[in-house]
Structures are given as structure tokens and as C-alpha cells.
Amino acid sequence: MTLSRSLLFPRLMAQSLLARRALHASTRTASGHHLEHWWGPEKAAGREVVGFGSTGDEVYQDRLDYWYPAIRFRVEDDKIRPIRSKEKGDWKKLTTEEKKLLYRYSFRQTLAEFEAPSGYWKVIAATVFTVIALATFYSTFLNRFVYPDIPPTFQNEYKEAQVERMLVLQKGAFLGPPKFYDYENKRMYKCIWCSIFMVECAVD
């Protein structure tokens with residue numbers, strides 16, 4: 001006589017169940033798809049066990065890489081029992097609606113429904129654009145009402161005066177910008193030959 005794993009190692013099985021719940025809730029399957037639907041043992045009561053499943057536990061889950069859950073999706077009721085009895089006979093006597101009902105009691109969705117786009121990307125896109133809009137509004141608010149005005153050193157007139165002062169201090173240097181600056185006319189030479197011979201360029 002052999003005991004089940006849950007009776008031999010109750011604490012270990014409880015920890016394993018919690019770990020599997022976290023794994024199913026937060027990770028993707030090996031095929032790259034999220035688990036669309038997962039029922040643990042707390043919802044498996046009353047559902048017929050039809051196979052081993054992907055883990056050996058009596059849970060229902062829709063997975064693209066393993067399309068055979070251990071239990072049926074729905075609990076058998078008075079609506080499906082007559083069709084189950086009819087299923088054991090000739091399938092040609094089953095109508096199309098009865099076949100669809102048999103499938104829906106065993107599985108939550110078809111393969112085409114599972115692979116169909118869910119439109120969840122719209123939620124992600126809306127969230128991203130909302131965050132960008134709020135960040136832009138917040139930045140504009142800070143620049144308009146919180147931060148002080150930029151110092152005068154950022155103005156173009158100040159920058160031009162700073163460059164002119166640098167050229168004056170470096171007058172006589174044979175390398176760098178002073179070599180190409182006409183100190184008499186206070187402008188840069190227009191060609192390299194004028195800067196070499198220090199003559200005014202005739203070409204405007």
C-alpha cells in the first residue's frame with residue numbers, strides 16, 4: 001500500500017503548491033505565451049480527472065505547449081450528462097451543437113481563440129502615453145512656475161562677447177581661432193589664404 005505525496009509530505013506539498021501558484025501567476029510558459037487560465041486544487045473539486053496533465057496535479061490550465069489539462073474545464077451537470085451518455089455511442093448521432101457543448105465542458109477555449117490577439121497592447125500603449133504626457137506636463141510646469149530664469153550667460157549676446165574676449169586675450173597666437181581672426185575689422189577671415197597673409201579678403 002502506497003500513500004500519496006500529499007499524505008507523506010504535507011508541508012512540502014503545501015510549499016510546492018504555493019511556489020507553483022506564484023510561477024503560474026508571474027511567468028510565461030516555454031512557448032512564450034502567458035497562461036490564459038489556471039484553476040488550482042481549490043477550484044478543481046467536482047471536475048472529472050481525465051489525464052496526467054503537465055505537472056501531475058489536478059489543475060486546469062490553458063497552455064500552448066501542453067494542450068491537455070488534467071481535469072475538465074466545467075463540472076458535469078444535468079445538461080451535459082445525457083450528452084456524455086450519448087457520446088459513448090455512435091458520434092454520427094451527435095449534433096454539431098452537442099459536439100461543441102462537449103468541447104466547451106472540457107476546454108475553456110479553442111486553439112484559434114487562444115492564439116487570437118487579446119488587445120492588451122492597447123492598455124500598455126495607453127499607459128505609456130499617459131506617463132509620457134504627465135511627465136511632459138510636469139516638466140513644463142516646473143520650467144514655467146518653479147525654476148528661476150536662466151542666467152544671462154546662456155544668452156547669445158553674452159556668448160559672442162565671451163568668444164570675442166577669448167580672441168583678444170589670445171591675440172598673437174599662431175594656432176587656434178586667433179589665427180583666422182581679423183582684429184582690424186573684427187571678423188573672421190573668409191579664406192585660409194587671407195588668414196595666412198593677414199590681408200583683407202576681396203571675396204565677399
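Visitor: What should I know about the model itself?
Guide: It's a predicted model, where local features need pLDDT of at least 70, side-chain atom pairs count only at pLDDT 80 or more, and totals for chains, interfaces and linings use all residues. Residues are numbered from 1 along each chain as its sequence is written, and side-chain values use heavy atoms, leaving out hydrogens and water.

Visitor: Which side chain does Arg72 meet in a salt bridge?
Guide: A salt bridge here is a side-chain nitrogen of Lys or Arg within 4 Å of a carboxyl oxygen of Asp or Glu. For Arg72 the N to O distance is 2.9 Å, and the partner counts as partly exposed at 35% relative accessibility. That partner is Glu48.

Visitor: How many residues apart in sequence are the parts that Arg72 and Glu48 tie together?
Guide: Helices (H or I, at least four residues) and strands (E, at least two) are DSSP runs, numbered from the N terminus. Arg72 sits in the loop between strand E2 (60-61) and helix H3 (81-87), and Glu48 in the loop between strand E1 (38-39) and E2, so the pair ties together parts that are 24 residues apart.

Visitor: Which residue is linked with Glu76 and Arg84 in a network of salt bridges?
Guide: Glu76 is partly exposed at 25%, while Arg84 is buried at 9%. Their closest N and O atoms are 3.4 Å apart. The network also takes in Glu87.

Key: Buried < 20%, exposed > 50% of the residue type's maximum accessible area, 1.4 Å probe, protein only.
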